[in-house]
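Please look over the structure below before reading on. The numbered points that follow are meant to be read with the model open beside them.

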Amino acid sequence: MQFNITTDYAIRTVMYLAMRNTLTKAIEISTAMGIPRNYQLRITKPLVKKGILQCVQGVKGGFYLNKPSKDITLYDIVTAIEITSCITKCLENESYCGPFMTGKCPIRSFYEDLQIDIDSHLKKITIDQLVKEYVMENN
């Protein structure tokens, strides 16, 4: 399983805003985090829609965190950006499951357990934790 590059850029964007802790222009974020400028604006839309970021329009506008970084998890960001956070189609739609019939399928049971573990781990990791770890490693 691999997140798409947009998710990686979204995590970097939120981390940068957490470190800045102030209204920040998209161009500054994209430059600092190595994100293509046009792509930066596409990344922020779903983050604003999900309530992770706040957008201020205009010449003096930009973005800032809509809530404390300790309250933003990787799960929040992943589910805002990825089309699905499910590791397999059978967890999204039971009718996708073919030969084994969903209720008795040992493969589906394994996938469900794995999905629970992944989601749980993503929900435990906050942006605040990542920022603190980054600061410690770079000082």
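**Notes on the fold and its contacts**

1. Asn-21 is found in the loop between H1 and H2, where helices (H or I, at least four residues) and strands (E, at least two) are DSSP runs numbered from the N terminus. The phi of Asn-21 is near 55°, which is a positive value in a residue other than glycine. Most residues other than glycine have a negative phi. With 67% relative accessibility, Asn-21 counts as exposed, given that buried means under 20% relative accessible area, exposed over 50% and partly exposed in between (1.4 Å probe, protein chains only).

2. A word on the basis of these remarks: this is a predicted model, in which local features need pLDDT of at least 70 and side-chain atom pairs count only at pLDDT 80 or more, whereas totals for chains, interfaces and linings use all residues. Residues are numbered from 1 along each chain as its sequence is written, and side-chain values use heavy atoms, with hydrogens and water left out.

3. The protein has seven helices and two strands, and from the N terminus on its elements run α-α-α-β-β-α-α-α-α. Of its 139 residues, 36% count as buried. Among contacts between residues at least 6 apart in sequence, 62% join residues at least 24 apart, a contact being heavy atoms within 4.5 Å.

4. The axes of H1 and H2 come within 10 Å and cross at roughly 110°; axes here are lines fitted to C-alpha atoms, for helices over the stretch in contact, and angles run from 0 to 180 degrees between N-to-C directions. H1 is therefore roughly perpendicular to H2, as angles under 35 degrees count as roughly parallel, over 145 as roughly antiparallel, 65 to 115 as roughly perpendicular and the rest as oblique. On the H1 side the contact is made by Arg-12, Thr-13, Tyr-16, Leu-17 and Arg-20, and on the H2 side by Glu-28, Ile-29, Ala-32 and Met-33. By class, these are five nonpolar, one polar and three charged residues, where Ala, Val, Leu, Ile, Met, Phe, Trp, Tyr, Cys and Pro count as nonpolar, Asp, Glu, Lys and Arg as charged, and the others, Gly among them, as polar.

5. H1 also packs with H3, at an angle of about 80° and with the axes 10 Å apart, and these two helices are therefore roughly perpendicular to each other. Ile-5, Thr-6, Tyr-9, Ala-10, Thr-13 and Val-14 of H1 meet Tyr-39, Gln-40, Ile-43, Thr-44 and Leu-47 of H3. The residues of this contact divide into seven nonpolar, four polar and no charged.

6. Not counting residues up to four places away in sequence, Thr-44 touches Thr-13, Leu-53 and Phe-63.

7. The strands E1 (residues 53-56) and E2 (residues 62-65) run antiparallel and are joined by four bridges; two strands pair if DSSP finds at least two bridges between them. Cys-55 stands opposite Phe-63 in E2. The hairpin has five residues between the strands, and in it Gly-58 takes a positive phi near 105°.

8. The largest nonpolar core has 28 residues, of which Val-14, Leu-47, Ile-52, Leu-53, Ile-77 and Ile-127 touch the most other members; such a core is a set of buried Ala, Val, Leu, Ile, Met, Phe, Trp, Tyr and Cys residues joined through side-chain atoms within 4.5 Å. The elements giving two or more residues to this core are H1 (5-20), H2 (26-33), H3 (37-49), E2, H4 (74-81) and H7 (127-137), and H1 gives the most, with eight residues. Leaving aside neighbours within four places in sequence, the contacts of Ile-52 include Val-14, Leu-47, Tyr-64, Ile-72, Ile-77 and Ala-80.

9. Lys-70 lies in the loop between E2 and H4 and is exposed, with a relative accessible area of 53%. Lys-70 and Ile-127 are 57 residues apart in sequence and 6.2 Å apart in space, C-alpha to C-alpha. Not counting residues up to four places away in sequence, Lys-70 touches Thr-126 and Asp-128.
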